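Subject: Structure for you to look at

Hi,

Here is the structure I promised to pass on. Please open it alongside this email, and I will walk you through what turned up.

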Amino acid sequence: MVDVRRVKLPGVGILHTFVTDDGGKVGVITHRSGSSDLISFADADDKDHARKVSLRLDEDEAHTLAELLGGTRITESLSGLDQIPGLSIDWFHVDYDDHIAGQPLGDMTARGLAGVTVVAVVRGEVANPAPDSQFKVFPGDTLVLAGAPEKVAKAFHFYRAGEFAKSEAVAPPGR
């Protein structure tokens, strides 16, 4: 098992680092904005080979790199669930201008949209599983939704605009 060190970078995000078997160091800075920096660097004691390489990745590129490197265990588990016909699992990142920002989740069934569930709300480094309808959502939160693809798309539209889409053909991001 690889020993990963984690350091909070105030105002920036989180730095995760580990040392490879051949003595190299690898790190990922996960910015609060959603972008990530992939870095590799030499030990400060190794002045002959002191080099640093940094690559800025946006959120989509970081997810792609993670998948190429084997993904996380949770991603692999969710990917298996996503293969079930009629089930969509998707993430909604809450921005300041989204209708849901600053509001409680509410009950989608009471609003006329049964068949979609907020599985969790991720806030910073903490997952809040199975939040109730009174759970208040803030900008920067990520909602994890599960349901029929068209219902997840309707929920996304509602969270953005505060109303259900007129068209049935709205697709969630990345689909």
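This is a predicted model: local features need pLDDT of at least 70, side-chain atom pairs count only at pLDDT 80 or more; totals for chains, interfaces and linings use all residues.

Before the details, one term: helices (H or I, at least four residues) and strands (E, at least two) are DSSP runs, numbered from the N terminus.

The overall layout

The protein has 3 helices and 9 strands. Reading from the N terminus on, the elements go β-β-β-β-β-α-α-β-β-β-β-α. The protein counts 175 residues, and 27% of them are buried.

The second largest pocket

By type, the lining splits into 8 nonpolar, 4 polar and 2 charged residues. Which elements each supply at least two residues of this lining? They are strand S7 (116-123) and helix H3 (149-161). S7 gives the largest share, with 3 residues.

The salt bridge

Strand S7 comes up again here. The count of salt bridges comes to 1, and the side chains that meet in a salt bridge are those of Arg123 and Asp141, at 2.7 Å from N to O. This pair links distant parts of the chain, 18 residues apart: Arg123 sits in strand S7, while Asp141 belongs to the loop between strand S8 (126-129) and strand S9 (142-147). Are the two partners buried or partly exposed? Arg123 has a relative accessibility of 31%, so it counts as partly exposed. Asp141 has a relative accessibility of 2%, so this residue counts as buried.

Also in the loop between S8 and S9 is Ala130. Its phi is near 45°, which is a positive value in a residue other than glycine. Ala130 counts as exposed because its relative accessibility is 63%.

Two contacts across the sequence

Trp91 is placed in strand S6 (residues 88-93). Its relative accessibility is 42%, and therefore Trp91 counts as partly exposed. Between Trp91 and Val122 there are 9.7 Å in space, C-alpha to C-alpha, with the two residues 31 apart in sequence.

The other pair takes us back to Gly162. The C-alpha atoms of Gly162 and Ile100 are separated by 7.3 Å, although the residues are 62 apart along the chain. Gly162 itself counts as partly exposed, because its relative accessibility is 26%.

A patch on the surface

Last, have a look at the start of the chain. Val2, Val4 and Phe18 form a nonpolar patch on the surface. Together the three residues have about 230 Å² of accessible area. Val4 is found in the segment before strand S1 (5-9). With a relative accessible area of 44%, Val4 is partly exposed. Why can Val4 be part of such a patch? Because patches are made of residues with over 30% relative accessible area, and Val4 has 44%.

Best wishes

Technical notes. Residues are numbered from 1 along each chain as its sequence is written. Side-chain values use heavy atoms; hydrogens and water are left out. Patches are made of residues with over 30% relative accessible area and no salt bridge: like charges are joined within 9 Å, nonpolar side chains (Val, Leu, Ile, Met, Phe, Trp, Tyr) within 5 Å. Accessible areas come from the Shrake-Rupley method with a 1.4 Å probe; for residues, only the protein chains shown count as cover. A salt bridge is a side-chain nitrogen of Lys or Arg within 4 Å of a carboxyl oxygen of Asp or Glu. Buried means under 20% relative accessible area, exposed over 50%, partly exposed in between (1.4 Å probe, protein chains only). Ala, Val, Leu, Ile, Met, Phe, Trp, Tyr, Cys and Pro count as nonpolar, Asp, Glu, Lys and Arg as charged, and the others, Gly among them, as polar.
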